[in-house]
Amino acid sequence: MAGFLGAYMKAPVFVTASNSSYESSNHLDDNYVNYLKSHDIKKIIIIGNLPESLVNELNEYNATVEVLSGQSSAEVSTAVNDKLKGLGYINSTTAYYGFYGELPAVIPTAVKEK
């Protein structure tokens, strides 16, 4: 989801998962910290749900922090789509980004939105 948004916005995407898992690290990797500082980043968009310690760390930078999250991957996908629509990158198209096992959960939404 973050990669999709980053591609449209032509913005770097930081992956916070640790140890090849889907769990987020509790702290920002030093390479990311150096990137934020050296490029004077003014806006950070968090996609999904991150640990409070990591969010607090991101809030320490002189940047606006926006969070696009939800209770499920489908809700996070909707938030990303809404952001892309609001920025004019996509029209009424709705894409779902998630794991194949979660696709049945999004079928009612896909049918409703045609």
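**Close-up views of a predicted model**

**View 1. Ala2 and the residues around it.** Leaving aside residues up to four places away in sequence, Ala2 touches Val13 and Ile47, a contact being heavy atoms within 4.5 Å. Ala2 belongs to helix H1 (residues 2-9); helices (H or I, at least four residues) and strands (E, at least two) are DSSP runs, numbered from the N terminus. With 25% relative accessibility, Ala2 is classed as partly exposed. Here buried means under 20% relative accessible area, exposed over 50%, and partly exposed in between (1.4 Å probe, protein chains only). Look also for Val80: Ala2 and Val80 are 78 residues apart in sequence, yet their C-alpha atoms are 8.0 Å apart in space.

**A word on the model.** This is a predicted model, in which local features need pLDDT of at least 70 and side-chain atom pairs count only at pLDDT 80 or more, while totals for chains, interfaces and linings use all residues. Residues are numbered from 1 along each chain as its sequence is written, and side-chain values use heavy atoms, with hydrogens and water left out.

**View 2. Confidence along the protein chain.** The mean pLDDT (the predictor's confidence in each residue, from 0 to 100) is 81 for the protein chain, and 75% of the residues score at least 70. Strand S2 (residues 64-68) has the highest confidence, at a mean of 92, and helix H5 (residues 103-112) the lowest, at 61.

**View 3. The salt bridge between Asp40 and Lys42.** The structure holds 3 salt bridges, each a side-chain nitrogen of Lys or Arg within 4 Å of a carboxyl oxygen of Asp or Glu. In this one, the side chains of Asp40 and Lys42 come together at 3.4 Å, N to O. Lys42 is partly exposed, at 45% relative accessibility.

**View 4. Glu66 and Lys43.** These two side chains form a salt bridge at 3.0 Å, N to O. Glu66 sits in strand S2 and Lys43 in strand S1 (residues 43-47), so the pair links parts that are 23 residues apart in sequence. Both partners are partly exposed: Glu66 has a relative accessible area of 21%, and Lys43 has 44%.

**View 5. Glu66 and Lys83.** Glu66 also pairs with Lys83 in a salt bridge, with the closest N and O atoms 3.0 Å apart. Because Glu66 lies in strand S2 and Lys83 in helix H4 (residues 73-86), this pair ties together parts 17 residues apart in sequence. Lys83 counts as buried, at 15% relative accessibility. Through shared partners, salt bridges join Lys43, Glu66 and Lys83 into one network.
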